[in-house]
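Colleague: Hi! Could you walk me through the charged side chains in this one?
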Amino acid sequence: MKRSKAYKAAVERIDADRLYSPLEAVQLAKETAATKFDATVEVALRLGVDPRKADQMVRGTVNLPNGTGKTARVLVFAGGAKAEEAREAGADIVGSDDLIERIQGGFLDFDAVVATPDQMGKVGRLGRVLGPRGLMPNPKTGTVTMDVAKAVTDIKGGKIEFRVDRHANLHFIIGKASFSERQLLENYAAAIEEIQRLKPSAAKGRYVKKATLTTSMGPGIPVDPNAVRNVVAELVEA
């Protein structure tokens, strides 16, 4: 694959054999972000779990204290008063049977989906479309709820969902390259603390095996996986 001069210059500044602290990684990510747009900053973790086993699945949500830098488009399956509550809370798309038909027809212009419990019998028909994209509403992540207003507000305010894939990798966004170092570290700390809290009791050995931070179209920056519990300490110095 042909790489841009900016990408090659960024690669030269990253020591692939070194494990950077979260603060160093954030600083390097901001310095090497070379896109014309405000690059998204993402983190990828390799976890010491076996996702094939139900008792080692890692899945959850976290409210990033500084948001994601992007206003998510939220679709809500609800009717009656709950539909109105969703609209008042800022939902971008609200409906029921009509939305199911639109999605079956190829409409996917949204970033998150919320549904009231009574709608799930219908929404279940969209499993093959929404599931692979990580958009299927789930009670465990707070997206199947009667409190649709809170769900919409949380997602709009920077709530992210994460789920380990079949290769034991887990990805999540911590903001934009334009964020300050402190904002990115605070978001990183919040996400890491929640992922640590969700460590399956059945998981043996090292939990976070590998951590990499990257920006849109940028090279990966290796982060010390043993430093995940020292992020808050680094915030004081940042």
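Modeller: Happy to! A salt bridge is a side-chain nitrogen of Lys or Arg within 4 Å of a carboxyl oxygen of Asp or Glu. This is a predicted model, where local features need pLDDT of at least 70, side-chain atom pairs count only at pLDDT 80 or more, and totals for chains, interfaces and linings use all residues. Residues are numbered from 1 along each chain as its sequence is written, and side-chain values use heavy atoms, with hydrogens and water left out.

Colleague: Okay, how many salt bridges does the structure hold?

Modeller: There are 13 salt bridges. In one of them, arginine 52 pairs with aspartate 50 at 3.0 Å, N to O.

Colleague: Is aspartate 50 buried or exposed?

Modeller: Aspartate 50 is buried, at 16% relative accessibility. Arginine 52 is exposed, at 72% relative accessible area. The cut-offs, with a 1.4 Å probe and protein chains only, are under 20% for buried and over 50% for exposed, with partly exposed in between.

Colleague: New topic: which side chain meets glutamate 161 in a salt bridge?

Modeller: That is arginine 59, at 3.1 Å, N to O. Glutamate 161 sits in strand E6 (residues 159–163) and arginine 59 in strand E2 (residues 59–63), so the pair ties together parts that are 102 residues apart in sequence. Strands (E, at least two residues) and helices (H or I, at least four) are DSSP runs, numbered from the N terminus.

Colleague: And how accessible is glutamate 161?

Modeller: Glutamate 161 is partly exposed at 31% relative accessibility, and arginine 59 is also partly exposed, at 23%.
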